[in-house]
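Open the structure in your viewer and keep the selection tool ready. Each stop below says what to select next.

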Amino acid sequence: MNAETGSGRPTAGATRIEGGAAPAGTRESATDEPLDQKAAPAVPAPADPWLVCHCKPRCEKKFAELMRAQRFEHYLPLIGSERRYGTRIKRFSKPLFPGYVFAQVPRERKALIYQQDLLARAIEVEDTVRLLAQLADIKALIASGLDFRLTPQLAKGHRVRIISGPLKGVEGQVEDPHNPRGGVLLSVDVLQQGLLVPIPAVDLKVLP
């Protein structure tokens, strides 16, 4: 799970990095400040699987609270953000990966994660060692105080939509993800030709 680094402090409206990097139970604060990301007590056996839990819209924090209440090991990476409303600045926390919480759930208790209708689906992770190593990297990055932005991992042939800039909304196909100038191929099928446009990965959304 890679993140693009930047320099300097974020301005109003931009993502800020918050401290705290341990597997997290979460709680909403009265001031809407970044949520507590300290480790919650966990009791599952090592053989219990880790799940990528795809939550329903805006349910990530509630689902993480459910995991904390059930004493399931889990991690909801949170980052700080701020918005300006006239002369006021509102600071709040938001999920680094919108819609997703990572959790280790005993198989015999898996039904509990669906009890509050917060979850769309849960996918069991095949390579747990790799996942935990990547989550450790994410925790270290958040704790470092460095600025970063989320960027998709692209592969040749991926269908993508451009999400910012003058070509916002245009769809195409990734041609060469390893070449910064490889860009996105916009097809003209009737002519059997294409237009190759260099687009930064952060300006692309991978389509299903």
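Predicted model: local features only at pLDDT ≥ 70, side-chain atom pairs only at ≥ 80, totals over all residues.

Residues are numbered from 1 along each chain as its sequence is written, and side-chain values use heavy atoms, with hydrogens and water left out.

Select phenylalanine 97 and phenylalanine 102. Their ring centres are 6.3 Å apart and their planes stand at 90°, so the pair is edge-to-face. (Rings of Phe, Tyr and Trp, the last by its six-membered ring, pair if their centres lie within 6.5 Å; planes under 30 degrees apart are stacked, over 60 edge-to-face, the rest tilted.) Phenylalanine 97 is buried at 16% relative accessible area, and phenylalanine 102 is buried at 4%. (Buried means under 20% relative accessible area, exposed over 50%, partly exposed in between, with a 1.4 Å probe and protein chains only.)

Next, select lysine 139 and tyrosine 75. The charged end of lysine 139 sits over the ring of tyrosine 75, 5.0 Å from its centre. (This needs NZ of Lys or CZ of Arg within 6 Å of the ring centre and within 35 degrees of the ring normal.)

Now select glutamate 82 and arginine 91. Their side chains form a salt bridge, 3.6 Å from N to O (a side-chain nitrogen of Lys or Arg within 4 Å of a carboxyl oxygen of Asp or Glu). Glutamate 82 is buried at 8%, while arginine 91 is partly exposed at 36%.

Last, select Arg159, Arg161 and Glu171, which are linked in a network of salt bridges.
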